[in-house]
Amino acid sequence: MRMRALALLGCVLVGCGDDGGAPKDNGVTTERCVYEPVPATARAGGTVTAGALQAGAAERVLEVPVGTALGGYTSRAGFLGSAGVVDTRKVKISGSFNPSIGVESAPRVKAVALTAGDETVVILHFDAIFVYEGMLFDLEQRLGPEYAGKVIIAASHSHSGWAQFTGHGPLKLGSGEMRQLVYDRFLAAFEGAARDALAARKPAKIGFFYDGNFDPTNQINHDRRGDNDDLPGGKEKDNHFYLIRVDGTDDTPIAAIPIFGEHGTLNDDDNPFASTDSTGALERVFQEQFDSKVVVMHMQSAGGDNSPNGHGGIDCNAKPGNASDPCFVWAVEEGHGRAAVTTMMAAYTAAGANMKDTIELEMLTRSVETGPKAATFAIRDGALEYAQFDTTKTPDGKVYDGSGNIVSPIDEFNAPVGGALCESGNAMFPAANIPGTEGLVPYGSCLRLDVAGEILGEIFQIDFGVDEKHPVCESTRTTISALRIGDYVIGTMPGELTVMLASYLRSKSPAAADHTIILGYAQGHVGYMLRPEDWLKGGYEPSVTFWGPLEAEYIGERLLELMPLALTPMREDGASGGADKVKLATMTDGLEIDDPAPLAGQVPATVPETIWARTGHPASAQPAAQVERISGIATFVWTGDDPNVKTPHVVLQHETAPSSGVFVDVARRSGRVVEDAEVVLAYTPEPLQRSGPQTHYWVAEWQVVPWIGTPGADAMDERGGVPLGLYRFHVEGKGWTLDSEPFDVVGGGLTMTASRAANTIHSVVKMNAPKGWRLLDMDLKSNQPIPLKNQEVTVQVRSGVQILSTTTATTDANGAIDVLDNPQANNVKIIDRFANATSVNL
């Protein structure tokens with residue numbers, strides 16, 4: 001196989017695993033794995049002294065091709081069903097997974113660079129399902145030897161972010177086959193953001209905030225794992241909230257880093273658009289509380305067993321007018337961000353109370369050996385360990401002793417090259433289960449990777465890189481880091497950290513619990529990370545682990561060994577005492593790319609019937625001449641570049657003054673332009689299946705609702721307040737630009753009813769956007785009529801066009817308002833404070 005051939009070739013140049021002559025579990029060897037030394041930690045051997053802080057921050061869009069598979073849901077694999085499928089297109093880059101078709105909110109990478117004394121560290125966060133270790137070491141190498149061991153990379157865990165960047169075979173089941181083009185695009189964006197942040201450094205100060213009772217009413221996140229509710233701490237969510245604030249010494253804000261755990265799962269597997277999901281929406285709303293481009297970078301803690309709470313949404317049931325609309329619940333993302341922003345801003349303010357401009361700064365990174373030796377995983381001073389892996393032996397079936405303690409050594413996890421899908425007592429795949437574990441939760445459903453990999457690899461068209469004598473090379477190593485910032489210590493865990501394990505690590509930290517920040521989804525990925533007692537409860541989370549119940553706590557113990565080194569006066573070498581690392585294999589994609597693409601940068605005279613858009617097939621390429629507020633949707637179609645070459649950059653523009661003909665980018669409060677999130681980008685190749693060069697059609701759609709950060713119209717009671725006037729779409733491709741025809745945003749989007757009773761006219765006014773997807777209400781479904789709640793309106797009682805009476809009053813929570821009747825009246829008109837109007841005959 002291709003990756004194995006690369007590994008064997010690399011043995012000549014680098015060296016392969018040989019197990020050090022230790023006893024082999026069931027004859028398993030790492031001889032086919034290519035390892036290389038971890039570079040010594042930069043500046044090791046010096047002394048840690050407090051120094052003046054300098055800080056910079058930056059962000060970049062991840063320019064990954066549309067068509068790339070989205071990570072997080074195995075159900076997006078093509079043979080499993082139609083999750084995210086909108087037509088019959090076949091896109092080679094996505095392999096056996098259903099392709100993405102566009103961008104809702106563009107995944108980004110964000111970076112914060114800190115320097116104090118002779119130490120410099122870079123912290124990166126990107127919108128994707130997890131981190132691949134190769135990214136970390138490749139980025140350090142790109143930045144230079146002075147950054148060895150000084151970079152943290154953490155993922156948002158969006159289940160709608162770009163994937164196909166990992167060489168870890170089993171993890172490809174949730175992310176697709178690795179593509180070199182995709183990996184290289186990620187690394188280029190990482191390096192660019194890191195260098196931008198380093199270049200932006202200036203004298204700075206830093207402050208911290210901590211809340212150990214975060215979000216008690218579950219408006220933001222909640223516990224999602226019920227399987228462990230009977231364990232001490234099992235019912236708790238991640239209620240430990242930290243926020244790091246970084247300002248210039250001139251008091252200009254630089255960055256805000258909120259840290260707490262929540263999954264990126266507001267969107268389901270049917271969403272085929274790249275999205276930053278819950279955490280990205282939180283960042284977007286938070287960053288628009290500032291008048292400059294402050295980098296807001298949410299980082300995960302114990303997100304493994306925590307879910308986000310969405311607010312608002314759309315009605316997914318078929319209704320007249322929207323029966324053909326796809327059910328993409330993007331509105332709940334903005335609802336999540338808006339529900340969180342008050343808490344975020346309060347924490348940000350509190351973090352500013354005691355900021356320091358002189359700090360101690362030190363960071364260490366270490367590679368940790370994991371499989372395949374059973375003895376490696378011994379924890380709690382040897383009180384819990386595995387029996388030597390031996391498939392000729394049958395487990396004793398004793399999981400707990402008479403006191404309810406775990407029996408050690410554990411012989412039920414008898415998986416010499418690793419196991420997965422350990423969820424219940426029932427075999428999911430009998431041919432690959434661990435013999436003798438039938439009925440034992442969760443061992444009974446475990447699949448040995450050697451057997452499962454051979455079968456599933458063929459089905460998924462993925463090389464697992466595993467057989468009965470050779471483990472998945474990437475599963476034999478992982479990476480941890482410890483970072484000291486003043487009297488705080490940050491530790492990283494390479495996977496889906498859960499609440500019980502995070503609490504344990506804080507309790508054993510060399511710093512106080514409220515000064516210990518544990519990051520999840522950072523520096524690598526081993527799957528879910530649970531304590532043994534939690535793992536043995538079964539359920540979904542243990543099913544995505546590879547070395548059984550002891551792996552996560554074993555890695556945690558290695559972190560507890562590393563963190564104290566970050567707090568000493570000496571600069572130690574974190575690589576010393578650690579393992580070597582797995583060498584990254586490069587890939588050959590073999591993609592057919594149209595460069596230049598036929599007709600790129602043109603507007604088609606007619607739109608082919610195959611072209612897909614969120615609101616249905618566009619009747620014409622240009623936007624309608626007039627588009628109403630709230631309900632109106634402006635749509636623009638053009639032919640552009642092959643997505644493997646360039647994703648078009650689309651910006652909403654508006655005319656600076658009536659009839660001026662001069663258009664400028666629409667800007668948010670922070671100064672960022674409106675380029676995604678509100679502007680949805682969809683892609684269709686023509687023909688849908690390649691038989692030669694294709695024409696690449698792109699569609700931009702904008703629902704005329706205020707963008708996040710609209711100056712003067714950003715509140716939920718200002719949904720009808722988009723500034724009137726001419727707008728257009730501006731598109732930048734590879735060496736070309738294109739503008740849509742201007743379209744006029746006009747008042748509208750309201751509907752009403754009126755009835756007479758007892759000399760009173762009772763009216764109810766509502767916003768109505770049946771084809772919309774933007775958030776109109778924090779509780780109701782935004783594609784159904786939404787009451788114009790508690791808003792001042794003008795009510796005209798009329799006879800034809802003659803106004804008989806005018807009343808200005810406030811609607812109630814149902815959008816209702818009563819005014820005095822006039823016997824001559826035959827219609828009523830209601831005008832809201834933005835001059836949107838609607839009327840109805842009596």
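**Exercise 1.** Which residue in S19 is the bridge partner of isoleucine 485?

*Solution.* Work on the predicted model. Start with strand S18, residues 477–485. Four bridges join S18 to S19, and the two strands run antiparallel. The bridge partner of isoleucine 485 in S19 is tyrosine 488. Now look at the link. S18 and S19 form a hairpin with two residues between them. Glycine 486 sits in that turn, with a positive phi of about 65°.

**Exercise 2.** Find how strand S21 runs beside S19, and what stands opposite valine 489.

*Solution.* Locate S21 at residues 516–519. Four bridges join S19 to S21, and here the strands run parallel. Valine 489 stands opposite threonine 516 of S21.

**Exercise 3.** Decide whether S19 is enclosed or open, then sort its side chains by direction.

*Solution.* S19 covers residues 488–492. Five of its five residues are buried, so the strand is largely enclosed by the rest of the structure. Tyr488, Ile490 and Thr492 point one way. Val489 and Gly491 point the other way.

**Exercise 4.** Describe how helices H4 and H5 pack.

*Solution.* Take H4 as residues 277–287 and H5 as residues 331–351. Their axes come within 7 Å and cross at roughly 55°. The crossing is right-handed. Next, list the contact. H4 contributes residues including Ala281, Leu282 and Val285, while H5 contributes, among others, Ala340, Val341 and Met344. By class, the contact has nine nonpolar, three polar and five charged residues.

Definitions and conventions
Residues numbered from 1 in each chain as written. Predicted model: local features only at pLDDT ≥ 70, side-chain atom pairs only at ≥ 80, totals over all residues. Heavy atoms only, no water. Axes fitted to C-alpha atoms, helices over the stretch in contact; angles between N-to-C directions. Left-handed = near helix turned anticlockwise from the far one by under 90°. Contact = heavy atoms within 4.5 Å. Nonpolar A, V, L, I, M, F, W, Y, C, P; charged D, E, K, R; others polar. Buried < 20%, exposed > 50% of the residue type's maximum accessible area, 1.4 Å probe, protein only. Pairing = 2+ DSSP bridges.
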